[in-house]
Amino acid sequence: METKTKPLSTSELIHMEEAYGAHNYHPLDVVIQKAEGIWVWDVEGNRFLDFLASYSAVNQGHGHPRIRKALMEQAGKVTLTSRAFRSDQLGPFYKEMCELSGYGRMLPMNTGAEAVETAIKAARKWGYKVKGVPEGQAQILVFTGNFHGRTTTIVGFSGEAQYKEGFGPFTPGFTMLPYGDLEAVRTAMNPNVVGILVEPIQGESGIIIPPDGYLKGLEALCREHKALFITDEIQSGLGRTGKMFAYEHEGVRPDVVIIGKALAGGFYPVSAILADDEVMGVFNPGDHGSTFGGNPLACAVAREAVKVLTEENMVQNSAELGEYFIEKLRSIQSRHIREVRGRGLWIGLELVPQAGGARRFCEALMAKGMLCKETHEHTIRFAPPLIITRKELDWALERVNQVFKELD
Ligand SMILES: *Cc1c(COP(=O)(O)O)cnc(C)c1O
């Protein structure tokens with residue numbers, strides 16, 4: 001007789017994670033079993049609206065049928081060649097991304113942090129080979145509140161004490177300046193600066209939007225001092241802010257653009273940097289690489305994920321519904337709310353310090369079927385998949401309103 005094993009419960013699965021896993025995260029206690037579009041279901045069958053979209057990796061919605069089909073089809077052909085050989089997916093992926101972004105070349109990696117590392121290497125080498133910075137002297141300007149990933153080099157220039165604590169010694173060559181302050185950048189500029197690494201809007205810091213003209217000012221300072229203007233668009237890019245890339249809001253053109261997350265619609269880790277010949281040309285065979293970077297499965301998935309974004313008008317939807325949602329959130333009357341800010345469907349609702357922290361609000365929202373994650377202590381982030389409709393946002397707003405009433 002066939003024995004059917006009883007499915008594990010939420011508490012059993014949480015216990016298992018806690019017992020056997022490293023405790024490097026503190027997730028909300030929801031155990032997700034399946035997802036479709038903007039919705040996820042836990043192991044007990046409860047449904048939630050996903051307002052985090054995996055930190056914007058699922059801008060296209062969970063399990064988008066077209067991306068899934070591309071993945072399945074490619075999985076049946078060839079998944080990995082390594083870059084020792086070529087694949088029929090890589091060239092078309094490059095070409096499509098360059099046509100979309102207007103850059104001359106792309107270099108693919110897997111995770112966001114790897115793409116940031118790639119940008120750092122490109123900037124340094126460009127500094128030595130093209131700008132003429134003395135060997136070992138390259139300096140990159142970074143900003144308070146930054147988040148660029150978790151490698152030892154990257155956490156070395158994080159402003160977040162916890163990200164660094166116990167992980168040193170760190171890579172030298174980075175100078176931290178206050179985010180949003182152009183004068184500080186002007187003062188810090190010197191002949192050894194090879195690049196400025198900046199998020200057009202800071203996500204992990206709590207959806208921090210710099211003053212108008214900041215990106216334009218950074219671009220101008222980079223031109224003036226011959227330094228590379230590098231934007232980390234891993235979370236802000238690919239439609240999240242209502243433009244394909246967040247730098248478009250100020251009409252600038254960075255020298256290097258770093259992308260990841262939504263690049264493969266949540267099916268696969270795919271990241272990349274985009275740049276023109278002058279920068280990308282510093283890489284020669286053997287200089288840099290990755291076993292999985294640019295593999296055919298990644299390329300096929302990413303190609304379809306990006307097509308879906310544009311062909312299904314998700315960027316436009318983000319712009320329109322983002323504006324609508326921000327306005328509605330701003331109309332909520334609550335003594336707990338300090339500020340609502342955002343661009344497109346990337347919104348931070350910051351609470352006053354007396355509100356008791358964002359986590360209890362996120363837990364209350366979860367009890368009503370909405371999954372939001374607190375960002376730092378006092379900010380609730382709203383970043384649903386970009387396929388969400390006005391009606392679904394209204395459903396959510398009702399619940400947000402209820403939570404603010406109940407916790408008043
Ligand atoms: C998520 C993120 C990263 C790191 O990406 P991983 O895939 O987690 O390595 C880097 N920069 C920004 C702005 C991010 O949001």
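Is glutamate 219 buried or exposed in this model? Glutamate 219 is buried, with a relative accessible area of 16%, where buried stands for under 20% relative accessible area, exposed for over 50% and partly exposed for what lies in between, computed with a 1.4 Å probe and the protein chains only. The model is predicted, so that local features need pLDDT of at least 70 and side-chain atom pairs count only at pLDDT 80 or more, while totals for chains, interfaces and linings use all residues. Residues are numbered from 1 along each chain as its sequence is written, and side-chain values use heavy atoms, with hydrogens and water left out.

Glutamate 219 belongs to helix H9, residues 214-225; helices (H or I, at least four residues) and strands (E, at least two) are DSSP runs numbered from the N terminus. The side chain of glutamate 219 comes to 2.8 Å from the backbone nitrogen of arginine 253, a polar contact, which is a pair of N or O atoms within 3.5 Å; within protein, one of the two must be able to donate a hydrogen and the other to accept it, and residues adjacent in sequence count only if both atoms are side-chain atoms. Not counting residues up to four places away in sequence, glutamate 219 touches Phe229, Val252 and Arg253, contact being defined as heavy atoms within 4.5 Å.

**View B. The shell of residues around the ligand.**
The ligand is surrounded by Thr111, Gly112, Ala113, Phe147, His148, Gly149, Glu199, Asp232, Ile234, Gln235 and Lys261, each with a heavy atom within 4 Å of the ligand. This shell divides into three nonpolar, five polar and three charged residues, under a scheme in which Ala, Val, Leu, Ile, Met, Phe, Trp, Tyr, Cys and Pro count as nonpolar, Asp, Glu, Lys and Arg as charged, and the others, Gly among them, as polar. A backbone N or O atom of glycine 112 lies 2.8 Å from an oxygen atom of the ligand, and for alanine 113 a backbone N or O atom likewise lies 2.8 Å from a ligand oxygen atom. In the side chain of aspartate 232, an N or O atom is 2.7 Å from a nitrogen atom of the ligand. On its own the ligand has 380 Å² of accessible area, of which the protein covers 80%; accessible areas come from the Shrake-Rupley method with a 1.4 Å probe, and for residues only the protein chains shown count as cover.

Within helix H3, residues 65-75, the buried residues include Ile67, Ala70, Leu71 and Gln74. These four lie on the same side of H3 because they cover an arc of only 100° around the axis, the arc being that of the directions from the helix axis to the C-beta atoms. An α-helix has 3.6 residues a turn, so residues three or four places apart point the same way. The buried residues of H3 pack against helix H11, residues 296-311, whereas Pro65, Lys69 and Met72, on the other side of H3, are exposed.

**View D. Asparagine 146 in a loop.**
Asparagine 146 is located in the loop between strand S5 (139-143) and helix H6 (152-155), and it counts as buried at 5% relative accessibility. The side chain of asparagine 146 reaches the backbone oxygen of phenylalanine 143 at 2.8 Å, and a polar atom of that side chain lies 2.9 Å from the backbone oxygen of phenylalanine 157. Leaving aside neighbours within four places in sequence, asparagine 146 is in contact with Phe157, Ser158, Gly159, Met176, Glu199 and Gln202; Glu199 is also one of the residues surrounding the ligand.

Alanine 53, found in helix H2 (residues 53-56), has a positive phi of about 55° although it is not a glycine, and at 0% relative accessibility it counts as buried. Tyrosine 55 also lies in helix H2 and has a positive phi of about 55° without being a glycine, but tyrosine 55 is partly exposed, with a relative accessible area of 28%. A cis peptide bond, with omega about 5°, joins glycine 168 and proline 169, and proline 169 is found in the loop between helix H7 (161-164) and strand S6 (174-177).
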